[in-house]
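Welcome! Please take a moment to look at the sequence and the fold below, and then we can walk through some of the details together.

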Amino acid sequence: MKKLALVIMIAAISISCFAGIDEYYSFNATTITYAPITGTAISSILQDDELSENIPIGFTFPYGDASVSEIKVSSNGWIGVGTTLTDSNLSNSLISTTWHPVLAPLWDDTSLSGGTAEYLSSGTAPNRVCTIQFGNMHWNYSSDSLFNYQVKLYESGKISFTYGASAGAPNFPSASIGINMAPGGVDWFLSVTPGAIPTVSQTAENANIEEFPASGTVYEFLPVTQSPNDLASLSVTG
């Protein structure tokens, strides 16, 4: 009985040390000059409420404990890591326990009707980058305003959201910006609050973003170098 209790205690400690998304990613904000790409068109999402076919990244991309080679892109301003998500989902809920893993540069009820979407893999191993570009996005779906931004996936595991030019004000905006991963819920998302000094939280989601980040703004999610699973029970004695 004592041995069983010890095993249970060790298992509990292991779980508590595997705390959340901050074991995998940290956040940084910086600025660059926005540089549009010319890549392969994602014509299937140039409407309202559309989800793309499987899009090749061009290399194996590490995300948490997973490694994926394909993504899906939603006209509602998010990217599904892998191919498991099945619709365009406008709910902008990074805290969801069912809708993950998601990269959300501007998750809201947006539309690419009349806009553009494209992707481009560039560079050489092990430093390749896949850029997904949203051009002239309507925020929200019925607005005449236009917004431009990119998501970059790095072979190293780094993720960046880069914001470009915009025209007009959003119409009834209520967006989320950030990332999430399985199992979802508190501690398994990073939600950004834009501003002069952007902040990020893994416990309180900001799902009411109303202002587009300034052109040249970059939000980076940097892979944590140490292994998140470095605690193991090798034996139990006594």
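Pro183 sits in the loop that links strand E12 (176-180) to strand E13 (189-193); helices (H or I, at least four residues) and strands (E, at least two) are DSSP runs, numbered from the N terminus. This is a predicted model, in which local features need pLDDT of at least 70 and side-chain atom pairs count only at pLDDT 80 or more, while totals for chains, interfaces and linings use all residues. Residues are numbered from 1 along each chain as its sequence is written, and side-chain values use heavy atoms, with hydrogens and water left out.

*Cis peptide bonds*

- The bond from Ala182 to Pro183 is cis, and its omega is near 10°.
- A cis peptide bond also runs from Ala125 to Pro126, with omega near 5°.
- Pro126 belongs to the loop between strand E8 (116-122) and strand E9 (129-139).

*Positive phi values*

- Asp187 is not a glycine, yet its phi is positive, about 80°.
- You will find Asp187 in the loop between E12 and E13.
- Asp187 is partly exposed, with a relative accessible area of 25%; buried means under 20% relative accessible area, exposed over 50%, and partly exposed in between (1.4 Å probe, protein chains only).
- Asn92 is a residue other than glycine with a positive phi, near 45°.
- Asn92 is buried, at a relative accessible area of 10%.

**The open sheet**

*Layout*

- Seven strands make an open sheet with antiparallel pairing, in the order E3-E4-E5-E6-E12-E13-E14; two strands pair if DSSP finds at least two bridges between them.
- Strand E3 (55-63) and strand E14 (199-201) stand at the edges with a single partner strand each, so one side of each has no neighbour in the sheet.
- On average, neighbouring strands of this sheet are turned by 25° against each other, direction ignored; the axes are lines fitted to C-alpha atoms, for helices over the stretch in contact, and angles run from 0 to 180 degrees between N-to-C directions.

- Antiparallel strands E5 and E6 are joined by two bridges, and Ile79 stands opposite Leu103 in E6.
- Six of the six residues of E6 are buried, so E6 is largely enclosed by the rest of the structure.
- E6 and E12 run antiparallel and share four bridges.
- Leu103 faces Ile179 in E12, while Trp107 stands opposite Ser176 in E12.
- Five of the five residues of E12 are buried, so E12 too is largely enclosed by the rest of the structure.
- From E12, Ser176, Gly178 and Asn180 point one way, whereas Ile177 and Ile179 point the other way, and all are buried.
- Three bridges join E12 to E13, and these two strands run antiparallel.
- Asn180 has Phe189 in E13 as its bridge partner.

**A buried loop residue**

- Asn140 is placed in the loop between E9 and strand E10 (146-154).
- Asn140 counts as buried, at 9% relative accessibility.
- A polar atom of the Asn140 side chain lies 3.2 Å from the backbone oxygen of Asn171.

**Pockets**

*The largest pocket*

- The largest pocket has a volume of about 240 Å³.
- A pocket is found on a 1 Å grid over the protein atoms alone, as an open set of points with protein on both sides within 12 Å along at least five of seven lines, and lining residues have an atom within 4 Å of a point.
- Grid points are joined across faces, edges and corners, and a volume is the space filled by probe spheres set on the points.
- Its lining has 17 residues, and those closest to the centre are Pro194, Gly195, Ala196, Pro213 and Tyr219.
- Strand E1 (25-31) and strand E15 (217-223) each supply at least two lining residues, and the largest share, three residues, comes from E1.
- By class, this lining has nine nonpolar, six polar and two charged residues; Ala, Val, Leu, Ile, Met, Phe, Trp, Tyr, Cys and Pro count as nonpolar, Asp, Glu, Lys and Arg as charged, and the others, Gly among them, as polar.

*The second largest pocket*

- The second largest pocket has a volume of about 160 Å³.
- Residues that line the second largest pocket include Tyr24, Tyr63, Asp65, Met181 and Ala182.
- The classes in this second lining are eight nonpolar, two polar and one charged.

How values were computed:
1 Å grid on protein atoms, 1.4 Å probe; cavity = no way out; pocket = protein on both sides within 12 Å on 5 of 7 lines; lining within 4 Å. Polar contact = N/O pair within 3.5 Å; in protein donor to acceptor, adjacent residues only side chain to side chain.
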